[in-house]
Amino acid sequence: MDGADGRPASASIDALVQRIGGGPGLHTLTVAEARAASLARRQLIATDREAVALVRDLTLPLPGGDTRARLYAPREGAPVLLYLHGGGWVIGDLDSADALCRSLANRSGCAIVSLDYPLAPEHRYPAASEAAYAAALWLAAHGRTIGVDQDRLAVGGSSAGGNLAAAVALMARDRGGPPLRLQLVLFPPMDATIRTAPPRPMPLLTRDEMNWFWDHYLGPAQDPTAAYASPLHADVSGVAPALVVTAELDVLREEGDAYAAKLRDAGVAVWHRCPPAMVHGFLGLAAELPEADDALYEIARELRSALDGDPPVYPR
């Protein structure tokens, strides 16, 4: 497997892809089969379930109904990140994000509240983004009841969760709050109108699979250019500062890179990294991949800086 510039990908990444990237494409499966296949793939990945000072399951009373969440608190009164898991809005749950949330909480010293938002196609757009926004509102108003600092709030997520985090940042600007110190956007899908595959095959996530996710998320009735679905089509001026991470060998790389550039052009403070030879979702491989663990430490440092101090001013 080669990188975008023709140089070899790391041997460790190649071995991981060979181990976990087999099987039929998710786009050839039913939703139930895809969820089962995702769970089976997850069991092939080594994870470190790090001990955190406090891990507690929650039920948040949101307008759309009671919603499960999980709190990871390394200390009392820590600033808080609302975390939204990946899975194309169709698969994934609290457990799929558990190892990453534990690592991020310990490395950043920030509390993480991971949200079990409603999945498509049972709950199509905008159910997930509205639930995520409602959870941000709840944390900003009631965070002290669960022992976190509700006045220092960020939103973030990986893959589909990164898309939802960007949508929440837009909603917070448009609807007058809550105030967000940061949006953490990790290898996100940002434009539902992009349907063609890159010329070079990418591991772990294909364009056919991404199109399948978009189709289940939006359904036939939704506008693929709607701002809260496709943030690349939004006016992003005035949104929260952003920490954007993409991956060189990711079918979604160009969308994430374009989002970072769009924010920067709009005068929004942006910290953007695109590690070489990394694949979609690589942070979930931190237990096996030193490069991913290094990147996780760097992300945690920037998250801590944004939440512990003043909102960041990244070089433009």
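**View A. Packing of helix 2 against helix 6.** In this predicted model, the buried residues of helix 2 pack against helix 6 (207-218). Those buried residues are Val31, Ala34 and Ser38. They lie on the same side of helix 2, because the arc they cover around the axis is only 55 degrees. An α-helix has 3.6 residues a turn, so residues three or four places apart point the same way. Helix 2 itself runs over residues 31-42, 12 residues in total. From first C-alpha to last, helix 2 reaches 16 Å, close to the 16 Å expected at 1.5 Å a residue.

**View B. Helix 5 and the residue that follows.** Helix 5 spans residues 160-174 and has 15 residues. Its first and last C-alpha atoms are 21 Å apart, close to the 21 Å expected at 1.5 Å a residue. Just after helix 5 comes Gly176, which takes a positive phi of about 80 degrees.

**View C. Surroundings of Cys101.** The whole structure, when searched, contains 0 disulfides. Cys101 is accordingly in no disulfide, and the nearest cysteine sulfur, that of Cys110, is 12 Å away. A disulfide would need the two sulfur atoms within 2.5 Å. Cys101 is buried, with a relative accessible area of 1%.

**View D. Exposure of Cys274.** Cys274 is partly exposed, and its relative accessible area is 25%.

Methods. Residues numbered from 1 in each chain as written. Predicted model: local features only at pLDDT ≥ 70, side-chain atom pairs only at ≥ 80, totals over all residues. Heavy atoms only, no water. Helix = DSSP H or I, 4+ residues; strand = E, 2+ residues; numbered from the N terminus. Expected span 1.5 Å × (residues − 1). Buried < 20%, exposed > 50% of the residue type's maximum accessible area, 1.4 Å probe, protein only. Arc of directions from axis to C-beta. Contact = heavy atoms within 4.5 Å.
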